[in-house]
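Subject: A structure for you to explore

Hi there,

Here is the structure I promised to pass on to you. Have a look at it first, and then read my notes below.

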Amino acid sequence: MNTEPSWRPAVVEPGTAGVEAGPRGLREYLEGTDLGALLVREKAVLFRGFASAPGGYDEMADLLLPRRLAYVHGNSPRTKVGQNVYTSTEYPAAYEISMHNEMSYAASWPTRILFHCEVAAATGGATPLLDGRLWLDSLDPEVRDAFAGGVRYTQNLHDGVGFGKSWQATFETDDRAAAEAFLDGTGADWTWRDDGSLRVSLLRQATLEHPVTGDRVWFNQADQFHPAGLGDDAAALANVLPEDELPQYAVFADGSPIPAEYIHHIQETGMRLAVDVHWQVGDLLLVDNVAAAHGRRTYTGERRILVAMSD
């Protein structure tokens, strides 16, 4: 079993890349680079020293991620701040965010994610990254085998008032028909409830083969849907509400419960093996969302990381 990270993201800077700083330098670098091949090879690339000024993210994103996706069916609390540009997950600074691949519970997921640091935290706030193959290989075989059939996720999306996200925020619409049309194409089971809330059930994979390299990686968010992986507040809520009434919940594919110790093992292994990207203002971090998982360390002070996604 692997116990140490064997991979780190590549770093591209004006000096080492042989180009000038600022957007023009980044454009020059990209004109001479096969970005797709670079990302497949490196899994994640940190571009440092190319952002010209605060608020210049759109120009950078146009170069690195021109076809940006809306965060429809996303389960994290975010604020939309531009052309399919969002704040990173808005959990309190005192909480870690465990390792995960963005929207791995969904019928489709972004293949690339671009992070941008507008404001760096006073202390902490690193974005940990993890080689998904290493994560899978490092899990206890008993845990890997238990997830062979996949994961069944449940989302209880309220109608504007309640715990968790509303269905309106989740699907970026106030139109029930639009939400239904989206879900019809995902293979999900869903039903509207008398209080106006929407319950969605999704059967998904636990591991995934990378479409280019063929590497098999750990690729699910069972721990982030399970109360055992969400800290004391979620555990307290689970003591008040039935499991099937929680904002989100995960079980094995056959409906049997996932033991809390499995969830703890998955999270501990991921966070232990991850390598941290310590942000500097202006940094851009491009991540292969299948090859590498990401998370967030705790922090103090203000922190503003923007994110965009692409297929």
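This is a predicted model: local features need pLDDT of at least 70, side-chain atom pairs count only at pLDDT 80 or more; totals for chains, interfaces and linings use all residues.

Two strands are said to pair if DSSP finds at least two bridges between them.

Let's start with β19 (304-310). Which residue of β19 is the bridge partner of Y86? The partner is V307. Strand β4 (residues 85-87) runs antiparallel to β19, and two bridges join them. If you look along β19 you will find I305, with C117 standing opposite. Is β19 mostly covered or mostly open? Mostly covered: six of its seven residues are buried.

Next, look for empty space inside the model. Rolling a probe the size of a water molecule over the atoms shows where such space is left. A search of the whole structure turns up one cavity of 30 Å³ or more, and the volume of the largest cavity is about 140 Å³. Its lining has 14 residues, and those closest to the centre are S88, T89, F115, H294 and G295. β19 comes back here: along with β5 (97-100) and β17 (292-296), it supplies at least two residues of the lining. The largest share, three residues, comes from β17. Sorted by class, the lining has four nonpolar, six polar and four charged residues.

Now find N289, in the loop between β16 (284-288) and β17. Buried means under 20% relative accessible area, and N289 counts as buried because its value is 0%. Its side chain reaches the backbone oxygen of P110 at 2.8 Å. Leaving out residues up to four places away in sequence, N289 touches several others, among them W109, R112, F219 and H294.

Most residues other than glycine have a negative phi. K43, however, has a positive phi near 75 degrees, and E172 has a positive phi near 50 degrees. Where do they sit? K43 is in the loop between α3 (35-42) and β2 (44-47), while E172 lies in the loop between α7 (167-171) and α8 (176-184). K43 counts as buried because its relative accessibility is 11%, whereas E172, at 34%, counts as partly exposed.

Enjoy exploring!

Best wishes

Technical notes
Residues are numbered from 1 along each chain as its sequence is written. Side-chain values use heavy atoms; hydrogens and water are left out. On a 1 Å grid over the protein atoms alone, a cavity is a set of points where a 1.4 Å probe fits but cannot get out, and a pocket is an open set with protein on both sides within 12 Å along at least five of seven lines; lining residues have an atom within 4 Å of a point. Grid points are joined across faces, edges and corners, and a volume is the space filled by probe spheres set on the points. Helices (H or I, at least four residues) and strands (E, at least two) are DSSP runs, numbered from the N terminus. Ala, Val, Leu, Ile, Met, Phe, Trp, Tyr, Cys and Pro count as nonpolar, Asp, Glu, Lys and Arg as charged, and the others, Gly among them, as polar. Buried means under 20% relative accessible area, exposed over 50%, partly exposed in between (1.4 Å probe, protein chains only). A polar contact is a pair of N or O atoms within 3.5 Å; within protein, one must be able to donate a hydrogen and the other to accept it, and residues adjacent in sequence count only if both atoms are side-chain atoms. Contact means heavy atoms within 4.5 Å.
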